[in-house]
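Welcome! Take a look at the sequence and the 3D view, and then read on.

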Amino acid sequence: MGEATCKVYPGKMQPRSWGKALLLTLPIALWSLLMAMHGLTQPQRAQVIASGMTAAFMIVLFFLMMKTASTYRWRRWFFVALGVLFPIGFIHNVMVLRGSMGIPIEEMIAGRTPFCYLPIPLLILPAALTKTVVFPGSILPGGGMAGGGMAMMAGLWLAITLVVGKGWCSYSCFFGGIEEGMAALPKKAQWKKLDPRYRLVPWAVLLAMVLLSLALFEPAYCMWLCPFKAVSEYVAARNTVGLVQNGIFVVLFAALVIVLPVLTKKRTQCTFLCPFGAFQSIFNKTSVFDIKIDRAVCSPCVLCQKSCPTMSLSDESIKKGETLLSCMKCGACVDACPKGAAVWHIKGTEVSVKPERARLMFLYAAWAMATMFGGSIITGGLKTLLDFVI
Amino acid sequence: MKWPTAILGYTAAGMTVLVAALVPFLLMGVFAKGITRLGLHVDEMYSGGPLVRTVQAEGYTIGIHKAVYPHFWQTEKPFVQLDWKPVAALPEHICDVVDVKGAVDADGHGQQELRVSFDVPKDPKAPLHVNVEALDPRFQAMRNVGKPKFSELIARVDETIIVRVPLVEQR
């Protein structure tokens, strides 16, 4: 009986020794300390502790990824921490600066609206046609809460996207962690049958929002549909329209980020609404890393399909040995596959030839980016919490 | 293994890791500079039009901006932005007749003037209201207006009080 449950399949990567795992973690450990250096040399105690805790957190998680040869469950700790700590740090900052989560019109005129990456696809057409950025922020550093400006955020997004493609949604998005955390709460999904056609909705939302943003010359998704306005900031309601907009944000957040992930164990906002996610999918074509299903090993148990948080595997795609374009490289399917048929892959190489090498190369790139971008956000949230305690 | 494609794949993957390592030091700045060199500007509906003239008043200045017109189906009206600064030098009550020549393409007829009046409260967070009498028929009058729209408002932005007066006609 023991033999049956502990059967080892040749393709599945086995846990590493402590020594090997430590050795593989060393580059990321050095990187994390380098990224934390600025915070560690600050005079504020809370900042120093927060920076140290973040660096330790990122190093330990990477070590566990190396030791256990499992990606998803350790990455999830980082991602949920990012999702929870971002609003804590952000809301605290806006409350200190303005006393409200509503963006006053004066701040928009001054170009001080913090810019996140979600409107990027909506700004492309107006910018291409009229050289106008339809967002009330500043292009150069100096505006926005972080002082980074839109160019900095766009540059950062482009760099990370070139590296990880849609992996952005698993290693950099500071919103997705909330729903991933909610999806992790129940042991089993209550709603198991989800119509796969819903996967097309984000593309429809993307198309509609891009056209609306051009027509109305405003970031339409931010104005009308973004659920994460409920945990960041929104246009201060000055009239009935504003109240309706804020009502939509709260309802969408409650439904897609809180309730549905608990019922389905999926990232429902990412799967069924997010136009940025759909846009980001395109960059899976340019990214060199992907996930493949080794058809020679796969006996279609569909555990990979069930484990995917964004429904990025279909019967057809498994038959083809591929994930769908929406795959965000979280590693859930690879970890779930008992036979090691779902594997990390570098384009151009043969499937299942040194998949762990592909995983390592991807993880070094993705975790370096996660430590740099997400790590700074985690530090900000931790510092906010520590400021209350210390 | 298909060697040529595999070599290409591993080379690209290696470069990807390198890019990831360089981003915080080099590439982020490069990307940011590249984006700024595209010559983009923030929509003037938010930022106001370019400054065309500055009028010197008693201890303060009035900036007159070029008219801003909505794009496509933008729901705002066209407007001209005027700004009074510095706030510290403004009297308790402003009542200025402002020559808005240059803000709107002139047709050579009529007065190009607006009479703008508002109180300047000491508390920077106190609500502002403005009255605008349009001596130039191309502008809309405003009665006790706060900040209902981007194209029709009075707002304090740092050390400046901004008044946006809507135009009657489209361009």
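In chain B, 36% of the 171 residues count as buried. Keep in mind that this is a predicted model.

**Chain B as a whole**

- Chain B contains 2 helices and 10 strands.
- Reading from the N terminus, its elements follow the order α-β-α-β-β-β-β-β-β-β-β-β.
- The radius of gyration of chain B is 24 Å, whereas a compact globule of 171 residues would have one near 16 Å.
- The C-alpha trace of chain B spans about 80 × 40 × 25 Å along its principal axes.
- Among the contacts in chain B with a separation of 6 or more, 51% are between residues 24 or more positions apart.

- Start with strand β2 (residues 51-56) of chain B, which pairs with strand β3 (residues 61-65) of chain B in the antiparallel sense, over 5 bridges.
- Within this pair, Arg53(B) stands opposite Ile64(B) in β3(B).
- The hairpin of β2(B) and β3(B) has 4 residues between the strands, and Gly59(B) takes a positive phi near 90 degrees there.
- Next comes strand β9 (residues 153-157) of chain B, which is mostly covered, with 5 of its 5 residues buried.
- The hairpin of β9(B) and β10(B) has 2 residues between the strands, and Asp158(B) takes a positive phi near 55 degrees in it.

**Chain A as a whole**

- The secondary structure of chain A amounts to 18 helices and 5 strands.
- Chain A has a radius of gyration of 21 Å, close to the 21 Å given by the globule rule for 390 residues, so chain A is as compact as a globular protein of that length.
- Taken along the principal axes, the box filled by the C-alpha atoms of chain A is roughly 65 × 50 × 40 Å.
- Of its 390 residues, 52% count as buried in chain A.
- Among the contacts in chain A with a separation of 6 or more, residues 24 or more positions apart account for 74%.

**A kinked helix in chain A**

- Helix α2 (residues 18-40) of chain A has 23 residues, yet its end C-alpha atoms are only 28 Å apart, short of the 33 Å that a straight helix would reach at 1.5 Å a residue.
- Where is the kink in α2(A)? A kink of about 40 degrees lies at Leu26(A), shortly before the proline Pro27(A).
- The buried residues of α2(A) are Thr25(A), Ile28(A), Trp31(A), Ser32(A), Met35(A), Ala36(A) and Gly39(A).
- The cover over these buried residues of α2(A) includes α3 (45-68) and α18 of chain A.

**A buried loop residue in chain A**

- Phe115(A) sits in the loop between α5 and α6 of chain A.
- Is Phe115(A) buried or exposed? Phe115(A) counts as buried because 28 C-beta neighbours lie inside 10 Å.
- The C-alpha atoms of Phe115(A) and Met150(A) are separated by 6.0 Å, although the two residues are 35 residues apart along the chain.

**Where the two chains meet**

- In chain A, 45 residues are in contact with 42 residues of chain B.
- On the side of chain A that touches chain B, α5 (105-109), α6 (120-130), β2 (132-133), α7 (149-164), α10 (201-216) and α18 (355-389) of chain A each supply at least two residues.
- The element that gives the most to this side is α7(A), with 9 residues.
- By class, this side of chain A has 32 nonpolar, 8 polar and 5 charged residues.
- Strands take part too: β2(A) is joined by 2 bridges to strand β1 (residues 41-42) of chain B, and the two run parallel.
- In that pairing, Val133(A) stands opposite Val42(B) in β1(B).

Key. Residues are numbered from 1 along each chain as its sequence is written. Chains are lettered from A and ligands numbered from 1 in the order in which they are written. This is a predicted model: local features need pLDDT of at least 70, side-chain atom pairs count only at pLDDT 80 or more; totals for chains, interfaces and linings use all residues. Two residues are in contact if their C-beta atoms, placed from the backbone, lie within 7 Å. Ala, Val, Leu, Ile, Met, Phe, Trp, Tyr, Cys and Pro count as nonpolar, Asp, Glu, Lys and Arg as charged, and the others, Gly among them, as polar. Two strands pair if DSSP finds at least two bridges between them. The radius of gyration is taken over C-alpha atoms; the globule rule is 2.2 Å times the number of residues to the power 0.38. A residue is buried if 20 or more other C-beta atoms lie within 10 Å of its own, exposed if 12 or fewer, and partly exposed in between; C-beta atoms are placed from the backbone. The expected span of a helix is 1.5 Å times one less than its number of residues. The bend at a residue is the angle between axes fitted to the seven residues ending there and the seven starting there.
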